[in-house]
Amino acid sequence: MSVLNVAVVGAGPAGIYAADILSKSGREVKIDIFERLPAPYGLVRYGVAPDHPRIKQIINALYGIIAKGEVHLVGNVEVGKDVTIEQLREHYDAVIIATGSDLDAPLNIPGVDLEGCHGAADFVAWYDGHPDYPREWSIEGEHVAVLGVGNVGLDVARILAKDVEDLMVTEIPANVEAVLRRKQVTDVHVFGRRGPAQVKFTPLELRELGHVPGVDVVVREEDMEFDEGSQAAIAASKQTKMVVKTLTDYAMVEDEERTAPRRIHIHLFESPVEVLGQDGRVVGLRTERTRLTGDGNVEGTGEMTDWPVSQVYRAIGYFSSPVAGVPYDPKRGLVPNAGGRVLTGPEEGAQTVPGLYATGWIKRGPVGLIGSTKSDAQETIANLLADVDAGVVAGDGAERHGAATLLPWLEEKGVEYTTSDGWITLDDYERKLGQAAGRERVKVVSREAMTAISRGQDWDGPLL
């Protein structure tokens with residue numbers, strides 16, 4: 001068989017790991033990863049708080065995969081706009097969709113459209129210097145609310161409460177620094193509708209919250225309630241047991257011991273029912289007290305509380321955008337698939353689309369960490385190779401040459417695509433910016449600047 005040409009759409013961990021696994025399969029393959037931004041890594045670069053040092057280890061691993069040259073990055077190319085899925089399939093034997101989840105999951109309560117009610121995904125993208133988001137952000141008032149008890153909620157709460165000086169060792173760009181210096185936040189209220197055994201924090205992130213300088217973590221003793229289902233969850237999971245212990249430790253701290261100038265309050269058994277507004281702006285949050293039902297689930301009690309807050313940040317999960325030309329399930333926010341083989345639709349009896357695959361959050365929804373992403377990619381690649389062996393992929397005798405024919409077409413069209421070497425150039429540029437400021441890296445925010453630097457062009461314009 002001739003060389004197998006494969007296109008991966010999305011250069012986050014899911015796409016890069018899938019490409020790496022395929023490159024190590026022992027087959028003769030050429031793999032190109034198409035990314036709509038000039039820089040790779042997806043949510044690892046643009047969806048995680050900059051003060052997460054462990055993320056650097058993941059970035060180093062992803063960098064190594066790109067730098068060794070067995071897979072090729074084609075950045076600043078949006079599939080569905082600069083090139084269609086149909087065109088990719090004309091040039092490649094197989095296409096793998098790995099675009100991840102970039103939107104906030106919807107929250108259907110009154111008031112979510114008020115000014116000052118934000119999706120966490122938008123806020124995180126802003127403070128991570130995403131080129132497609134506005135450079136300004138307004139952080140208003142002393143009391144703000146965060147809805148959701150997962151790690152993204154913790155990230156948002158920590159950035160809102162943390163002294164900006166403690167972030168100056170990170171890669172935050174100057175526009176983010178300027179906004180954070182102006183904030184007046186003293187209290188961040190994090191709300192979860194269930195109890196301590198059902199939160200989605202990981203133990204390390206929750207424990208480290210207690211070591212943020214100038215911030216106390218407040219948990220109410222009355223929120224440390226457990227039913228039979230909760231006890232079973234604690235017994236079945238070491239992680240859950242560790243999280244519950246940390247929450248218990250926070251709850252046992254006496255009020256007079258809390259002397260920090262800022263506080264993060266974790267409120268459990270409080271289900272948001274309405275964002276309160278006045279003159280079109282957020283002025284509060286109404287929650288309903290819940291209680292356990294014996295199986296770890298909760299029900300409403302009818303007891304309402306109004307919390308005076310000036311902003312609300314929704315961190316209840318991510319949701320995937322559709323990719324033009326690829327089947328999509330709008331209810332679940334993913335590409336319908338069977339083991340990574342894309343299906344014609346979400347309905348029962350849907351057929352597979354030969355040569356089209358999915359991996360990562362666009363395949364299974366926004367759950368799981370890096371380990372899940374790797375095993376997910378292994379399943380998809382195994383099924384792709386099985387289809388090659390069965391003649392379903394590259395079995396029609398057609399010669400497809402991948403980048404050799406597609407990149408000249410993009411150049412003729414005027415698409416300023418970037419490459420793996422270009423990313424290494426940009427990465428080095430950002431590191432040099434960081435060195436000049438005594439930091440590891442300072443991000444370039446402007447897409448125009450990122451593209452020019454990646455393409456080896458002289459750039460003396462703004463970096464923001």
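1. The largest share of the lining of the second largest pocket is supplied by helix α3, with four residues. The model under review is a predicted one. In this pocket, α2 (43-46) and α3 (55-67) each contribute at least two lining residues. The space in the second largest pocket amounts to about 280 Å³. Its lining numbers 20 residues, and those closest to the centre are Pro-50, His-52, Lys-56, Ile-59 and Glu-171. By class, the lining comprises eight nonpolar, three polar and nine charged residues.

2. With a threshold of 30 Å³ or more, the count is one cavity. The largest cavity has a volume of about 40 Å³. Its lining consists of Tyr-41, Arg-45, Ile-59, Glu-171, Trp-423, Arg-441 and Lys-443. Three of these lining residues are nonpolar, none is polar and four are charged. Ile-59 and Glu-171 line this cavity and are also among the residues closest to the centre of the second largest pocket.

3. Which residues does Asp-155 touch, once its neighbours within four places in sequence are left aside? The contacts are Val-48, Ala-49, His-52 and Tyr-127. Asp-155 belongs to helix α6, which spans residues 151-161. Its relative accessible area is 5%, and it is therefore classed as buried, the cut-off being under 20%. One of its contacts, His-52, is also one of the residues closest to the centre of the second largest pocket.

4. Helix α9 (residues 228-236) has Gly-229, Ser-230 and Ile-234 as its buried residues. Viewed down the helix axis, these buried residues fall within an arc of 140°, so they line one face of α9. As a general point, an α-helix has 3.6 residues a turn, so residues three or four places apart point the same way. On the face of α9 turned away from the buried side are the exposed residues Glu-228, Ala-235 and Ala-236. The cover over the buried residues of α9 includes α10 (238-251) and β12 (281-292).

5. Is helix α15 largely enclosed or largely open? Six of the eight residues of α15 (residues 447-454) are buried, so the helix is largely enclosed by the rest of the structure. The buried residues are Ala-449, Met-450, Thr-451, Ala-452, Ile-453 and Ser-454. Among the elements that cover them are α2, β19 (418-419) and α14 (420-436). Helix α2 also supplies at least two residues of the lining of the second largest pocket. Where α15 starts, a side-chain oxygen of Ser-446 comes to within 3.2 Å of the backbone nitrogen of Glu-448. After the helix comes Gly-456, with a positive phi near 75°.

6. Most residues other than glycine have a negative phi. Phe-269 is placed in the loop between β10 (262-267) and β11 (270-278), and it is buried, with a relative accessible area of 0%. Ala-394 is found in the loop between α12 (370-389) and α13 (403-413). With a relative accessible area of 26%, Ala-394 is partly exposed, whereas Phe-269 is buried.

7. Val-3 and Ala-394 are 391 residues apart in sequence, yet their C-alpha atoms are 9.4 Å apart in space. Val-3 is partly exposed, with a relative accessible area of 23%. Apart from neighbours within four places in sequence, Val-3 is in contact with Glu-28, Val-29, Lys-30 and Asp-93.

Note on methods. Residues are numbered from 1 along each chain as its sequence is written. This is a predicted model: local features need pLDDT of at least 70, side-chain atom pairs count only at pLDDT 80 or more; totals for chains, interfaces and linings use all residues. Side-chain values use heavy atoms; hydrogens and water are left out. On a 1 Å grid over the protein atoms alone, a cavity is a set of points where a 1.4 Å probe fits but cannot get out, and a pocket is an open set with protein on both sides within 12 Å along at least five of seven lines; lining residues have an atom within 4 Å of a point. Grid points are joined across faces, edges and corners, and a volume is the space filled by probe spheres set on the points. Ala, Val, Leu, Ile, Met, Phe, Trp, Tyr, Cys and Pro count as nonpolar, Asp, Glu, Lys and Arg as charged, and the others, Gly among them, as polar. Buried means under 20% relative accessible area, exposed over 50%, partly exposed in between (1.4 Å probe, protein chains only). Contact means heavy atoms within 4.5 Å. The arc is that of the directions from the helix axis to the C-beta atoms. A polar contact is a pair of N or O atoms within 3.5 Å; within protein, one must be able to donate a hydrogen and the other to accept it, and residues adjacent in sequence count only if both atoms are side-chain atoms.
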